[in-house]
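Hi there,

Here is the structure I promised to send you. Have a look at it first, and then read on for what turned up in it.

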Amino acid sequence: MTSDEQGKTSEAPEVVRLTVPADPRYLSAVRLVAAALATDLDFTVDDIEELRMAVDEAAAVLISNASDGSSIRLAFTITRAAPAFLGVDGSIDGGLSTDAVDPLARRIVAAVVDRCTLNAGGFSLEKSSSLTRA
């Protein structure tokens, strides 16, 4: 691959998709994927922990609202160009059993990421590396 091709590859966002059953037992897998992708972007240890906390809380909201037999679909969007950031979008693949969002969960997620939207049926959040923030 030429250096010009490498430049194009590094600027284009990459998307990693993950689907897990709407069961709390799979939250560890969701946290692991988020942490691995953030590590690959050279996020600081604090940034990685904040991202894991946000993804865990947001996914737990979806799981608590999902009906039996549902799945949680996640899309991790990786942008390597400065400033490097990781976006995570989550949604329920199936029905909702309730539409409640714990206000504490909403506050936790908002406190540790750059941008977030969290509701009973989905979430979207973004976290950039503190090393690349101005």
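In what follows, contact means heavy atoms within 4.5 Å. Please keep in mind that this is a predicted model.

Let's start with the sheet. Five strands make up an open sheet, ordered S1-S2-S3-S5-S4, with antiparallel pairing. Strand S1 (14-21) and strand S4 (115-119) are at the edges with a single partner strand each, so one side of each has no neighbour in the sheet. On average, neighbouring strands of this sheet are turned by 15° against each other, direction ignored. S4 is joined to strand S5 (residues 122-128) by five bridges, and the two run antiparallel.

Now for the helices. Helix H2 (residues 27-40) lies across S1, strand S2 (71-79) and strand S3 (85-93), and runs at about 5° to S2. Helix H3 (residues 45-65) lies across S2, S3, S4 and S5, running at about 180° to S5.

H3 also meets another helix. Its axis and that of helix H4 (residues 103-112) come within 9 Å and cross at roughly 150°. Angles over 145 degrees count as roughly antiparallel, so H3 is roughly antiparallel to H4. The crossing of H3 with H4 is left-handed.

Which residues meet there? From H3 come Glu50, Met53, Ala54, Glu57, Ala58 and Val61, and from H4 come Ala105, Ile108, Val109 and Val112. Eight residues of this contact between H3 and H4 are nonpolar, two are charged and none is polar.

Enjoy exploring!

Best wishes

Terms used: Residues numbered from 1 in each chain as written. Predicted model: local features only at pLDDT ≥ 70, side-chain atom pairs only at ≥ 80, totals over all residues. Heavy atoms only, no water. Pairing = 2+ DSSP bridges. Helix = DSSP H or I, 4+ residues; strand = E, 2+ residues; numbered from the N terminus. Axes fitted to C-alpha atoms, helices over the stretch in contact; angles between N-to-C directions. Parallel < 35°, antiparallel > 145°, perpendicular 65-115°, else oblique. Left-handed = near helix turned anticlockwise from the far one by under 90°. Nonpolar A, V, L, I, M, F, W, Y, C, P; charged D, E, K, R; others polar.
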